[in-house]
Amino acid sequence: MMRTIIEKTLAGILVVLFSATVLTVLWQVIGRYVLEAPSSATEEIARFLLIWLGMVSMAYAFAKRMHVGVDLISARLSSGSRVNAARAIWLACAVFALAVMVYGGGLLVKITATLGQTSAALGLPMWTIYAIMPLSGLVIAYLAISFFIEGTSTENEPATGEPK
């Protein structure tokens, strides 16, 4: 239930971020070629939106189990061993998300906040831009732990009742 809410929330955020990116770039093109007055602010906004779009997309792909995986070894395992292999993979994903994305990303946010670093054109505090890394890491860690507990396969399988 909670995973469904997370997936729908991530999908909604992605729609908003993608739409905002398209509109920002469109305005940049109109400003540059039609109005002959390019804006550095739109370039910066588009860059920040793309950072957020990439990180939220990664969490969404993880939730849908659409990430790239190599099943060369697990395909040859028995069904019980496959579940154990999947659990090991989910545990490794959770540890990576917590260590690199949450802890490392949190340090990045803390350092940029402490230094008071701001963006050039908009003057936004850069920690607000970088905050998406630990947030995405928390979502991925939660999902990996929930997949681990369920013993969910690492493969993206169709929902029950749908043909394979």
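Predicted model: local features only at pLDDT ≥ 70, side-chain atom pairs only at ≥ 80, totals over all residues.

Start with helix 1, residues 2-34, and helix 2, residues 40-63. Their axes sit 9 Å apart, and the two helices pack at an angle of about 155°. Angles over 145 degrees count as roughly antiparallel, so that is how helix 1 and helix 2 run relative to each other. If you're curious about handedness, helix 1 passes helix 2 in a left-handed crossing. And what kinds of residues make up the contact of helix 1 with helix 2? There are 19 nonpolar ones, plus five polar and three charged.

Now for the loop between helix 1 and helix 2, where you'll find Leu 35. Setting aside residues up to four places away in sequence, Leu 35 touches Trp 27 and Ile 30.

Which residues is Ser 136 in contact with, once neighbours within four places in sequence are left out? They are Met 55, Val 56 and Met 101.

| Residue | Relative accessibility | Counts as |
|---|---|---|
| Ser 136 | 3% | buried |
| Leu 35 | 49% | partly exposed |

The cut-offs explain the labels: buried means under 20% and exposed means over 50%, with partly exposed in between. At 3%, Ser 136 is therefore buried, while Leu 35, at 49%, counts as partly exposed.

Terms used
Residues numbered from 1 in each chain as written. Heavy atoms only, no water. Axes fitted to C-alpha atoms, helices over the stretch in contact; angles between N-to-C directions. Helix = DSSP H or I, 4+ residues; strand = E, 2+ residues; numbered from the N terminus. Parallel < 35°, antiparallel > 145°, perpendicular 65-115°, else oblique. Left-handed = near helix turned anticlockwise from the far one by under 90°. Nonpolar A, V, L, I, M, F, W, Y, C, P; charged D, E, K, R; others polar. Buried < 20%, exposed > 50% of the residue type's maximum accessible area, 1.4 Å probe, protein only. Contact = heavy atoms within 4.5 Å.
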